[in-house]
Amino acid sequence: MTARFQSFDDSADPAANRPRVLAVRTELARRGLTGLVVPRADRYQNEYVPPSDERLAWLTGFTGSAGLALVLMDRAILFVDGRYTLQAAEQIEAGLFEIVHLADNPPDKWIETNLGPGQALGYDPWLHTADGAERLAKACATAGSTFTAVDDNPLDAVWINRPAPPLGPVRPHDLACAGETADAKLARVRAEIVKARADALVVSDPQALCWLFNIRGSDVPHTPIVLAFAIVPAEGRPTLYVDPRKLDGVRGVLTASAELRDPEAFAADLAALGARHRTVRLDPAAGADALQRIVGASGGTIARGRDPVAAMKATKNAAEIAGARAAHLRDGVALTRFLAWFDRTAPAGTLTEIDAVTALEDFRRDTGRLEDISFPTIAGSGPNGAIVHYRVTRRTNRTIRPGDLFLIDSGAQYRDGTTDVTRTVAVGAPTAEMRDRFTRVLIGHIAIARAVFPEGTTGAQLDSFARAALWRAGLDFDHGTGHGVGSYLSVHEGPARISKLGTVPLARGMILSNEPGYYKQDGFGIRIENLVLVSAGPEVAGAEKRLDAFETLTLAPIARRLVQPDLMRADDLAWLDAYHRGVSETLGPLVDDATRAWLDAATAPLTPA
């Protein structure tokens, strides 16, 4: 069997990276620059980027979805967050890059204390948000150096055999799944533009653009987006800047709502807006710094503020919510069939991580509705499970052995919804330590699932709920508790999240992940993830604020063998039993007899009736 949507090739070639760093340094010297900032971003600020924009991976060998490199003449730094510290150390050539934790020592702080006076640090303004560029510029000023925008990227000048930009076809997104016409969405956006006292909005996030115009694409792996820009005026028709080669069969649909222009015309049209002294709404946290520079240089006024499309997109309508439930139902069937198969097969000690990834994709493909996976499946056994965003390759592929914990974090793209789910299971008998840690993670998961909170609560206010049981044992996890999830869009969607940095209020209709974890380096990893929908909470007599709560969407058993019931409160055990009862009653009639028998045992109550 071959997984259609995931490659197990290891693209990293550490021997190639030292010559590449040297080539970049030579180009910098030619331009009179003493350094270059290389983020993992494209001109749209995507998390996942096409091969033609994998600059960070090309330069460093690091393939994670978040990071930033700083190349100076005498040293090179790679900044990564807690998800990727182990992965980065394994992928890059020893001694070529220093690995620095993003949270402990962010790039701006590092620059302030390490850059010397008179140095010129170059950056590509298309690859940094306006906010990000301003932070780095301020840090350079503190160090007595300059932050210098380049017209063309020095790295691109030395990137030989760079892949061509993607030309994935644009597809209409069916109204039955979208739930609202593009014209209706545009009317709402125009009202927000007027409210912001702006003349136009630049839509630079492809997720927002695809949602707004009810289209989907295939320009980026696993995320069905179209790489394009749009300008939406407060009055009149919007303009969509998209490569015409992508438009076969959908041109007529799009011209009903927008003017179509070649992408090369975008910067000139944006400058023309500024030259007419228009006020342009830009999101400094999401849009490229280049956008702000173009408008400002041409004489326009910049109205800085959140892209209003982001909040609209994140708040799912009735059709999108119904689609999410349907997607999770079929995904739950596939995952439960996989878990039953895995429980029968893994104890033999012959199954590998790649075998598991391939099998799960096959079970999802059996639904007949799978469009893609929503991200490369994380399938880590034993010590590989402790690498938070581990991606198995043929080089790292490990045989799953009795005594291992096996963590599998996966998701699917269906036309009606996007899924993301993690389960951790024991192969054979788990140790007491494994059960203790798993149960503490489960207690945190249940605390989020059961949370009742006033309208307007932020993710930062809830994040500690997921950590309290771990904190009591002096433990923690080095990632957020939850991220937003799109509707047949990105599996990581803003603006809301459940984390220490989640300052955006949660709103009814948002879908987020609930995924606390624990990771013992060189030992094992644990994560339990369901997707949850922000819904109406209970009506409480005398309440002074409207209450919200979470509805769990994901349907799949949680490993009973790893639960230590005496660590749990009675109400938490009751939640787990009720969740399992719902999983069994919902999925039982939809699976084969062998899976049904396994499911009955996997969802049996932990507390006496």
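Cys177 has its place in helix α7, residues 175-178; helices here are DSSP runs of H or I with at least four residues, strands are runs of E with at least two, and both are numbered from the N terminus. The model is a predicted one, in which local features need pLDDT of at least 70 and side-chain atom pairs count only at pLDDT 80 or more, while totals for chains, interfaces and linings use all residues. Residues are numbered from 1 along each chain as its sequence is written, and side-chain values use heavy atoms, with hydrogens and water left out.

With a relative accessible area of 18%, Cys177 is buried; the term buried means under 20% relative accessible area, exposed means over 50%, and partly exposed lies in between, for a 1.4 Å probe and protein chains only. Apart from its neighbours within four places in sequence, Cys177 is in contact with Ala319, Glu320, Arg415 and Asp416, where contact means heavy atoms within 4.5 Å. Val357 is 180 residues from Cys177 along the chain, and the C-alpha atoms of the two are separated by 28 Å.

The protein chain as a whole may now be considered. Its secondary structure comes to 20 helices and 28 strands. A compact globule of 609 residues would have a radius of gyration near 25 Å, and the protein chain agrees with this because its value is 25 Å. This radius is taken over C-alpha atoms, and the globule rule is 2.2 Å times the number of residues to the power 0.38. Along the principal axes, the C-alpha atoms fill a box of roughly 75 × 55 × 50 Å. Of the 609 residues, 59% count as buried. Among contacts with a separation of 6 or more, 70% join residues 24 or more positions apart.

The accessible surface of the protein chain is about 23,500 Å², and carbon and sulfur atoms hold 53% of it; such areas come from the Shrake-Rupley method with a 1.4 Å probe, and for residues only the protein chains shown count as cover. The protein chain carries 67 positive and 75 negative side chains, and the centres of the two sets lie 1 Å apart. In this count Lys and Arg are positive and Asp and Glu negative, with His and the chain ends not counted; the place of a charge is NZ of Lys, CZ of Arg, CG of Asp or CD of Glu.

Helix α12, residues 289-297, has as its buried residues Asp289, Ala290, Leu291, Gln292, Ile294 and Val295. These buried residues pack against β5 (120-123), α5 (130-143), β8 (200-203), α11 (266-275), β13 (279-282) and β14 (301-304). After α12 comes Gly299, with a positive phi near 100 degrees.

Arg306 lies in the loop between β14 and α13 (308-314). At 52% relative accessibility, Arg306 counts as exposed. Residues up to four places away in sequence aside, Arg306 touches Arg281, Asp283, Pro495 and Val504. One of these, Pro495, is found in strand β23, residues 493-498. The peptide bond from Gly494 to Pro495 is cis, with omega near 5 degrees.

Strand β16, residues 378-381, is buried on both faces: Ile378 and Gly380 point one way, Ala379 and Ser381 the other, and all are buried. Strand β16 runs antiparallel to strand β17 (residues 405-410), and 4 bridges join them; two strands pair if DSSP finds at least two bridges between them. Ser381 stands opposite Phe406 in β17.

A further antiparallel pair is formed over 4 bridges by β25 (residues 517-520) and β26 (residues 524-527). Tyr519 has Gly525 in β26 as its bridge partner. This hairpin has 3 residues between the strands, and Asp522 takes a positive phi near 65 degrees there. Asp522 is exposed, with a relative accessible area of 65%.

A positive phi also occurs at His222, near 70 degrees, in a residue other than glycine. His222 is found in the loop between β9 (215-216) and β10 (229-233), and is buried at a relative accessible area of 12%.

Ser535 lies in strand β27, residues 530-536. Its relative accessibility is 16%, so Ser535 counts as buried. When residues up to four places away in sequence are not counted, Ser535 touches Arg508, Asp548, Ala549 and Glu551.
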